[in-house]
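Could you walk me through how this fold is put together? Let's have a look at the model.

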Amino acid sequence: MILQLSFGLLERLGLIVIFAFVMSKTMFFKKYVVSESQSVFEKILYGVFWGLLGILMTLLGTPVSGGVANSRTIPVLLSGIIGGPFVGVISGLVAGLHRMFFYQGGDLTAFSCGVSTIIAGIIGGLSKQSLDLKKNKYFYGFLLGIIVEVIQMILILLLAKPFDQAYALVKIIFLPMTFLNALGIGMFLLFIQQIYDENENASARMAHLSLQIANGTLQFLRKGLNEESANAVAQIIYKLTDYDAVAITNDHQILAHIGIGEDHHIVGGHIWTVKTRAAIERGEIQFGQNKSEIGCSEVQCKLRSVIVVPLNVNEKAIGTLKIYRIRENAVLKTDIELVRGLGNLFSTQLELGIVEKQKSLRAKAELNALRAQIKPHFLFNALNAIMSLTRTDAEKARLLLQELSVVLRNGFKNNEPFIPLNEELRFIEAYLNIEKARFPDKLKVEMHVDSGIELMLPPLILQPLVENAIKHGIQQKQGIGTLKLYIRQLDGEVQFIVSDDGIGMMASHKLSDHSEAEKNKGIGLSNVKERLASIYNRELAIETSRDKGTTIEFTIPNHPVRLV
């Protein structure tokens with residue numbers, strides 16, 4: 001009897017294994033297994049589905065001495081292991097209540113087996129969290145199957161009457177049902193483990209893919225969201241992935257569409273698909289699993305599935321990234337993770353582009369402020385000095401006018417990011433010649449530049465330091481003061497030193513009454529500091545002592561620097 005029963009259970013086990021194998025290969029079941037969040041309605045549906053499988057296992061069972069040998073615990077226990085407590089309870093109730101009240105194959109174990117079925121669903125649901133952390137889920141599923149079957153046998157002995165018939169039944173069904181049902185659970189979980197492994201491998205591939213895409217697209221979106229940058233990014237994604245189409249939009253029109261559908265999803269056309277408009281209006285990722293959900297009005301359109309992720313700048317959607325497939329229900333978790341990650345990455349790149357543009361505009365504005373600072377008061381003082389020389393030393397006045405033209409030419413030049421070192425030095429030389437003419441018995445200049453230095457550097461990176469040394473160091477000193485400017489060639493770098501023997505920056509600060517000159521001093525030094533930090537990642541080294549003067553030093557690399 002036991003052998004015959006074992007063959008019957010083994011036959012059903014074979015059907016379960018075939019069913020598990022086929023299910024594990026379907027896209028629907030894969031999505032169900034790896035899904036992290038489901039609605040209550042979906043959980044009820046899944047619970048009922050597993051419960052109906054449990055009923056089917058009961059109906060296919062073999063009546064034995066007032067009971068029925070079956071594989072009902074396999075789908076019920078699995079429902080909880082895969083779907084969690086709620087699904088497990090629903091499944092257990094469906095299959096358990098059927099066993100209690102509706103199955104007519106024998107009534108000796110109806111109540112006890114119904115109770116054990118509900119318990120099996122609960123145990124499966126409670127074990128989900130711990131089993132998800134296990135590497136060999138099939139082995140722990142096998143052990144859990146044995147435990148559930150043992151509990152079922154104990155409940156039969158406790159609840160089924162008369163006891164001697166219940167005991168006789170348990171002796172017959174205990175070994176075959178316990179071992180074969182536990183084996184079925186383990187084998188089913190083995191197929192599910194393969195789904196998890198495939199998903200992990202796919203996630204790893206997607207992570208690598210996202211890095212490739214990030215490296216390829218980094219240079220484009222920082223320039224802003226336009227047709228050129230969108231087309232370049234869409235081309236990269238399309239080439240590196242197996243998506244049937246990739247599209248990028250701004251908040252009102254299509255900027256790029258590569259792949260299937262580009263004949264009617266035309267660049268420059270207005271946005272008219274439902275999911276794209278929803279992503280922009282709500283600022284949330286959208287999915288479409290069929291043609292009607294996509295909302296494309298073109299009858300011949302082959303696109304059937306879509307993921308639309310908004311591109312946000314300052315928490316506002318300014319466009320979307322879209323990937324399409326020509327199969328329905330083809331949106332996978334790994335695709336969602338990849339596209340969501342790319343959307344976040346592209347949004348960050350766009351925001352960085354805006355920040356960098358604002359920094360560039362700010363730097364230009366501050367540079368203009370420096371140039372404007374030089375012109376009015378310097379021009380007024382220089383002209384006064386030249387006018388006083390026109391009667392006493394006309395030749396010197398003529399030379400100073402030439403020097404003044406150099407200063408003014410520099411002030412009116414376009415905002416080039418870099419200029420040759422000799423241009424900056426010529427500007428400083430002209431500035432110092434005018435200052436020495438104004439204060440002939442006050443200012444002494446020592447300048448040394450190593451030969452052979454050919455360097456491009458930001459404009460007005462030295463002049464504010466020289467001006468600061470004269471105005472806030474030497475001019476406030478009693479007697480003559482010395483300004484020293486050294487430019488030295490080091491190993492792969494150029495060192496700049498501007499020093500004076502004036503009153504020192506601390507003393508200058510105490511003497512200040514927050515005049516316009518003091519404000520200009522702050523603009524000059526802070527601008528030089530910020531540009532050195534942003535362009536070269538370097539700092540100013542400042543040493544100052546009261547009545548002993550100030551030394552400012554910095555170094556920059558002696559090679560071209562590319563502004564981003």
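Among the contacts in the protein with a separation of 6 or more, what percentage comes from residues 24 or more positions apart? Such residues account for 69% of those contacts, where contact means heavy atoms within 4.5 Å.

A word on the source: this is a predicted model, in which local features need pLDDT of at least 70 and side-chain atom pairs count only at pLDDT 80 or more, while totals for chains, interfaces and linings use all residues. Residues are numbered from 1 along each chain as its sequence is written, and side-chain values use heavy atoms, with hydrogens and water left out.

The protein has 17 helices and 14 strands, taken as DSSP runs numbered from the N terminus (helices H or I, at least four residues; strands E, at least two). Of its 564 residues, 48% count as buried, that is, under 20% relative accessible area with a 1.4 Å probe, protein chains only.

Now to the sheet. Five strands form an open, mixed sheet in the order S9-S11-S12-S14-S13; two strands pair if DSSP finds at least two bridges between them.

| Strand | Residues |
|---|---|
| S9 | 443-449 |
| S11 | 481-489 |
| S13 | 541-545 |

S9 and S13 are the edge strands, each pairing on one side only. S9 runs parallel to S11 over seven bridges, and Met-447 has Leu-485 in S11 as its bridge partner. Helix H14 (residues 421-438) lies across S9, S11 and S12, at about 165 degrees to S9; angles run from 0 to 180 degrees between N-to-C directions, with axes fitted to C-alpha atoms.

Technical notes: Buried < 20%, exposed > 50% of the residue type's maximum accessible area, 1.4 Å probe, protein only.
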